[in-house]
Amino acid sequence: MTVSKKTKYALLAALVIGLVIIYFPLLVVLLNSFNADTTFGWPPSSFTFEWWIRAAGNEGALNALWTSVQAGLAATAIALVLGTMAAFALQRYRFYGRNSVSLLIILPIALPGIVTGIALNNAFRTILGVDLGLFTAIVAHATFCIVVVFNNVVARLRRMGGNLEEASMDLGADGLTTFRLVTFPMLRSALMAGGLLAFALSFDEIIVTTFTLGTGMETLPIWILNNLFRPNQAPIVNVVAAVLIVASTVPVYLAQRLSGDTASGGRI
Amino acid sequence: MDPRLDRDQGLRMTVSSPRYAVSSYLYRRPKLRLGMLLSAPFLWLGLAYLGALAALFVTAFWHTDSFTGQVVTEWSLDNFKTLFTDTVYRTITFRTVWIAALVTVIDAVIAFPMAFYMAKFASPRAQRILVIAVMTPLWASYLVKAYAWRTMLSGNGVLHWLLNPFGLDGPGYGLPATVITLSYLWLPYMILPIYAGLERLPNSLVDASGDLGAKAGRTFRSVILPLTFPAIVAGSIFTFSLSLGDYIAVKIVGGTSQMLGNVVYDNIGAANNLPFAATVATVPVVIMLVYLAAVRRTGALDNL
């Protein structure tokens, strides 16, 4: 495309400024976790590792981390099964209501989190009479994690086609053997990518979690929110936030490495 | 023994095994297979999740007994009447929609030039890296990002430090801070669809417009913008919807200001009035449905 040099440089400047705006606040949090000043005045006058050492022994934060990991793993496991099943159904078959089903899968993340949150809260407490706990949070997380696995598996199935499976069947393998030896190995990296992203989504979630986790329990994001307005906890909150920023790059990096599909890494 | 022979023998055995019979039975019945595949996801999402949403909507027509705090299953439109007639709720609804619209416009204005450079001038390798660079912060925790802006906007924070030499000061906590934070949070959701839309726009059309004598501004208005509009709308669906339902960012940086989400949250928690919370929660859903219906014709939904 031919445009004037001036326009091109203006656009480049906009891109660079945009990226600076995106990354600068995250960098500030990282730096602040080493800020020796407890009121976090800016710029930091001196740096310390003290907060990191204290955070590593903070029981509340560690318990919350463990709850987050449990919820994330369980929700991911459920989402992997349901998302893969839905992906096969929608990618391999044409049927009446197919579009509605795909809309249904997106719905839990398309609707505002607070709507999903109170709908499930109401369903658990008043309709089913279940006490809120870790289990209810897992169910809620799995609901909106399905779409991430679904997207990754659909993208892979679309690329894969059905020829190899048909060849396997022609050569005498039954359905299960074909799945075990042909389909699954080809899906494996897409499942890993989808699973990682589903875990990351669950790990970060706060609004739905607020309404579906039992009282007195905390996931890491809820722990941050509960401690955000307590000035004496600020240094620890800073460290936890910094850890989360660094940790969040891992799933994106791994998902990119695992699958070349464009779907991976997209939150939607 | 030759392992190949062994495998052949295994194969011959499976042909007559019951497992093989089940497999071929299923193979001949695609509808049964489809039914089995769809059963679990449908039970989970179609029955449990949609059921929960429907139940919530029904609850919106009930009310809470003011003495016992129990939900009374009597049908009435009183909740909706309160919602529409009480000026507090009207103000909050308009404020929320206004914030969501403003966030959407700000994001579109920032995202478009970024996406334009990414799609049209960056080398393929740079493109890939830039997409990942834009996408990665999406996975950084929502709360951490809102918290980052609390740090940025605080009285002796970074914005104060940056603007002080110019005799200016940061906006502090309040509605402007909320708009800034929400725009920041949802910016990648706007960049990615616009980038995809611009990538599909053929360069030749832009060149042709120039060859026919249009200046840059005219080309932008008459060629680029109409063709990428569906992509912008696709991005706006996220920025708008996510802003409408938000209550945490406003709690963290908004000072005492309230949005619709806060009303829902307070009615669930402190006020223990689930029916009214459900009524308020229908507002963002209805606004989103109206918005989706309005933008359907632009083809934005195919850009998601």
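How many residues of chain B are in contact with chain A? The count is 83 residues of chain B against 89 residues of chain A, with contact taken as heavy atoms within 4.5 Å. This is a predicted model, where local features need pLDDT of at least 70 and side-chain atom pairs count only at pLDDT 80 or more, while totals for chains, interfaces and linings use all residues. Residues are numbered from 1 along each chain as its sequence is written, chains are lettered from A and ligands numbered from 1 in the order written, and side-chain values use heavy atoms, leaving out hydrogens and water.

Let's stay at the interface. Chains B and A bury about 7,900 Å² between them, 78% of it on carbon and sulfur atoms; buried area here is the accessible area (1.4 Å probe) that two parts lose on being put together, summed over both. On chain B's side, the largest share, 20 residues, comes from helix 3 (residues 30-59) of chain B. By class, that side has 62 nonpolar, 13 polar and 8 charged residues, with Ala, Val, Leu, Ile, Met, Phe, Trp, Tyr, Cys and Pro as nonpolar, Asp, Glu, Lys and Arg as charged, and the others, Gly among them, as polar.

Now for chain A by itself. Its secondary structure comes to 11 helices and 0 strands, where helices (H or I, at least four residues) and strands (E, at least two) are DSSP runs numbered from the N terminus. Along its principal axes, the C-alpha trace of chain A spans about 70 × 65 × 30 Å.

What about salt bridges elsewhere? In one of them, the side chains of Arg54(A) and Glu50(A) meet at 3.1 Å, N to O. These residues are 4 apart in helix 2 (residues 50-56) of chain A, so about one helical turn separates them.

Note on methods. A salt bridge is a side-chain nitrogen of Lys or Arg within 4 Å of a carboxyl oxygen of Asp or Glu.
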